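Please keep the sequence and the structure in view while reading.

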Amino acid sequence: MASVRGTRRRGTGPQVEVPVAPKSARAFTTLPISSLLLPKIFSEILRSSVFRCLREYAVLTRNILEDKPNDQASRWSSDSNNPPQFLTLKLERPAVLKTIAFGKYEKTHVCNIKKFRVYGGLSDDNMILLLESGLKNDTVPETFLLKHTVSGHQFPVRFVKIVPLQSWGSTFNFSIWHVGLRGCDDWAVVQKCINWYTTYREREAIRLCLKHFRQHNYSEAFESLEKRTRVTLEDPRLTQLHKLLVEQGDFDACEELISQAAQEGLFQQYISQQEYKPQWTPIIPSPGGSASSRQRPGMRGGHQMCIDTNTQTIYLFGGWDGMQDLSDLWSYHIPSQEWTCITRDTNAEGGPSARSCHKMCLDPERRQIFTLGRYLDSALRLPENLKSDFYMYDIENNKWTQVTEDTAALGGPRLIFDHQMVMDVDKRIIYVFGGRVLTPSRWEGCVGGLGLDELRSSNYTPSEAIFSGLYAYHVATNTWTKLRDDCSGNSSGPQDIKSRIGHSMLFHSGSRQLFILAGQRNKEYLTDFFMYNIDTDTVSYISDGTRKDSSSVPAAGFTQKATIDPHLNEIHVLSGLSKDKDKRDENVRNSFWVYDISQNKWSCIYRNEQTGESYWSKMQHVEPCPRFAHQLVYDDTKKVHYLFGGNPGKASLPKMRLDDFWSLRLCRPSTQQLLHTCVLLIRKHRFSELARDNSVLALKYLQTKLHNAVDHTDPQQVQEFQALATTLFQPHEDSIYGQAHSLSEDEDSSSNLFGTDLGWQHSSRSQLFDQLTQFFPEHMTQPRGNLVDLIPY
């Protein structure tokens with residue numbers, strides 16, 4: 001059977017034993033007495049249908065045994081909101097847990113847990129973290145995946161501890177209304193997991209001992225344990241590195257081994273785990289070039305760009321310059337860094353009329369550009385002007401073709417603006433989602449065409465706005481298919497999609513998913529993030545936007561620009577307008593985010609909160625000023641972003657638009673940089689050993705080998721290099737782990753626990769070895785932890 005244990009602060013208040021199981025299987029646990037009514041707590045196992053040929057189970061506890069959303073008493077409540085508060089579930093038998101589900105009360109409630117952690121283990125005093133997340137303060141039950149694998153193997157648990165961290169009412173106690181656990185308790189499966197996990201823990205304990213013995217130079221104990229257990233501490237290449245470095249002090253051979261490891265790509269995992277650093281570069285025409293090479297598109301916002309990575313060419317079309325819509329088409333050749341005006345007026349050459357807030361996508365294989373949608377002023381919004389024209393530009397032949405006069409007549413979207421459009425090049429299908437439908441009945445503001453003041457002064461009624469759904473256009477057959485209607489904001493079904501404007505939509509060619517992020521619907525700024533599988537016609541929510549944390553996810557906003565790298569499995573987002581509705585200049589902020597699709601993790605790699613004009617005047621050639629209605633394209637082969645134009649959102653200059661052009665590289669340490677770091681570490685250590693024995697040789701080594709390893713363009717490395725010379729004239733003290741553990745003057749070294757077996761040379765070389773191994777994959781290295789860390793104070 002399963003049992004439940006709840007507690008407030010340990011050691012406070014009288015304790016009482018409370019039955020936690022039916023009388024047929026009597027069990028007890030302790031709970032602190034409080035002024036609240038102690039709930040009657042017991043549990044039972046409920047079985048469900050077969051799941052992937054394995055039996056499933058759900059563990060439910062009383063008062064959370066049954067899901068009674070209309071019963072306010074059917075819940076577990078903590079005694080206070082001060083940690084530690086927890087609820088422990090004991091399973092009838094060990095099992096591999098896959099998910100945990102939380103039921104809720106029929107109304108929002110201040111005691112609902114906003115943040116929590118879930119731990120699990122085979123015993124209640126030895127658990128690992130399975131989940132850290134939070135619940136929405138609504139009435140919809142939520143289910144979460146639990147960590148259930150270690151080193152690629154499933155592990156079993158017997159106890160599950162739920163630890164509330166924060167309630168929605170900051171001063172209120174915690175309440176849990178219903179809990180369900182699902183997974184596999186088939187003994188044939190679980191027994192194998194227990195056997196593997198037991199062996200794994202035993203092996204890891206031995207490896208910790210081996211690491212401890214080697215670090216402390218207990219060579220006989222190390223060799224004896226290794227021989228007896230036949231457990232290997234690490235990859236043979238790292239064992240060889242330890243032998244060369246720590247035992248023999250052959251630093252040249254160490255450098256050769258590290259260099260070979262770099263060539264074999266062993267540093268790649270470490271590199272992929274490092275945070276990006278942004279590198280902005282302004283793209284400015286050469287003043288000495290010809291007049292044609294100095295031409296470039298003028299100021300604008302609400303324009304469109306696309307990039308052909310095969311020919312290294314960016315195309316730019318249309319936009320709003322603060323006074324009028326534009327109809328010019330430009331190309332930018334990246335290798336030659338030259339803009340070319342293909343045409344000043346596409347309409348005069350059979351192409352689309354001047355427009356902004358439209359969308360473009362490119363077929364690089366057939367060298368075709370498609371464009372759809374536009375914004376119209378209210379005075380032009382007559383029935384004859386509200387046709388959704390659709391154009392294709394043939395790059396090879398420099399020719400425009402009107403695909404259709406009105407996509408709505410063929411089952412496609414009506415005339416829309418601020419939508420999103422992407423293309424599945426392999427299947428030749430274009431996907432169009434969202435956007436606001438233009439009708440002759442009201443005035444609407446265009447994000448790209450207007451300033452912030454004009455956006456706020458719009459007088460349309462939000463409830464009247466019509467938003468477009470999700471459509472697919474089949475290029476080969478010239479046919480449209482509606483995939484999803486706008487749910488009109490009235491449905492909360494898991495497969496419903498809420499349409500919006502100013503959002504981002506990306507197509508992942510590998511997983512064949514559409515990723516849709518943020519945007520605005522009427523007065524509501526959205527932060528939801530979901531996927532649409534184009535093959536299965538299903539929607540999966542990554543985040544519904546209710547658990548917003550400004551420090552770990554992009555802020556609510558719209559007109560942010562996003563790109564995708566299907567090879568790195570990453571999504572990149574450059575901020576636009578934020579949700580801040582106070583001072584209008586504070587609505588635009590610079591930040592750049594990276595979403596790791598595999599790890600489901602956001603990282604903010606760049607953020608600048610500066611708003612002063614004097615600051616941005618100084619920085620105009622260092623990084624782009626904050627903006628919205630800009631355009632961003634990404635070269636996923638060269639790993640470079642390109643940014644052009646936009647609206648800086650200046651209240652004093654509402655018609656101002658930008659014409660600056662930037663490249664952005666997201667930089668991580670290269671393999672060569674890591675190799676350089678390793679060589680520098682080795683040579684600095686070698687110098688420190690020479691400085692202890694022979695100052696003359698040390699000085700010569702400093703001026704030659706160590707000097708050659710320093711990056712003299714890096715001020716920090718230069719400063720550290722210059723400081724090394726002073727160590728030649730300083731007294732040296734042997735220590736266990738460097739100066740932090742040096743013996744005091746009145747302490748007899750013979751009384752040291754480690755005696756003479758652990759000298760400065762061995763310990764310092766061991767520290768260097770640990771520094772070098774951090775660049776290798778974890779499965780190759782000795783355990784990251786230390787045996788002594790398991791000993792409590």
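## An enclosed strand

In this predicted model, strand β21, which covers residues 359–363, is largely enclosed by the rest of the structure, because 5 of its 5 residues are buried. Lys 359, Cys 361 and Asp 363 point one way from β21, while Met 360 and Leu 362 point the other way, and all of these residues are buried. In a regular strand, side chains alternate between the two faces of the sheet.

Strand β21 runs antiparallel to strand β22 (residues 368–372), and 5 bridges join the two. Within this pairing, Lys 359 stands opposite Leu 372 in β22, and Met 360 stands opposite Thr 371 in β22.

The hairpin formed by β21 and β22 has 4 residues between the strands, and Arg 367 lies in this loop. Phi of Arg 367 is near 55°, a positive value in a residue other than glycine. Most residues other than glycine have a negative phi. Arg 367 counts as partly exposed because its relative accessibility is 21%, with buried meaning under 20%.

## The sheet that contains the hairpin

Strands β21 and β22 belong to an open sheet of 4 strands, whose order is β21-β22-β23-β24 and whose pairing is antiparallel. The edge strands are β21 and β24 (399–404), each of which pairs on one side only. From one strand to the next, the twist averages 25°. Strand β21 is thus described in two ways: as an edge strand of this sheet, and as a strand with 5 of 5 residues buried.

## A second open sheet

Another part of the chain also forms an open sheet of 4 strands, here with the order β36-β37-β39-β40 and with antiparallel pairing. Its edge strands are β36 (561–565) and β40 (601–608), and each pairs on one side only. Neighbouring strands of this sheet are turned by 15° against each other on average, direction ignored.

Inside this order, strand β37 (residues 570–574) and strand β39 (residues 590–596) pair in the antiparallel sense over 5 bridges, and Leu 574 stands opposite Phe 592 in β39. Asn 569 is found in the loop between β36 and β37, and its phi is near 60°, a positive value in a residue other than glycine.

## Aromatic pairs and a ring cluster

The structure holds 37 aromatic pairs. One of them joins Tyr 197 and Tyr 200, which are stacked, with 6.1 Å centre to centre and 20° between the planes. Because Tyr 197 and Tyr 200 are 3 residues apart in helix α1 (residues 187–215), they are separated by about one helical turn. Both Tyr 197 and Tyr 200 are buried.

A tilted aromatic pair is formed by Tyr 473 and Trp 480, with 4.9 Å centre to centre and 40° between the planes; both Tyr 473 and Trp 480 are buried. Elsewhere, ring pairs link Trp 330, Tyr 332, Trp 339, Tyr 642, Phe 644 and Phe 661 into a cluster.

## Charged side chains over rings

Lys 161 lies over the face of Phe 86, at 4.5 Å from the ring centre. Arg 668 lies over the face of Tyr 276, at 3.9 Å from the ring centre.

## The chain as a whole

Of its 793 residues, 50% count as buried.

Among contacts in the protein chain between residues at least 6 apart in sequence, 62% join residues at least 24 apart. The chain exposes about 38,200 Å², and carbon and sulfur atoms supply 49% of this area.

Methods. Residues numbered from 1 in each chain as written. Predicted model: local features only at pLDDT ≥ 70, side-chain atom pairs only at ≥ 80, totals over all residues. Heavy atoms only, no water. Pairing = 2+ DSSP bridges. Axes fitted to C-alpha atoms, helices over the stretch in contact; angles between N-to-C directions. Buried < 20%, exposed > 50% of the residue type's maximum accessible area, 1.4 Å probe, protein only. Phe/Tyr/Trp six-rings, centres within 6.5 Å; stacked < 30°, edge-to-face > 60°. Lys NZ or Arg CZ within 6 Å of the ring centre and 35° of its normal. Contact = heavy atoms within 4.5 Å. Areas by Shrake-Rupley, 256 points an atom, 1.4 Å probe, with all protein chains shown as cover.
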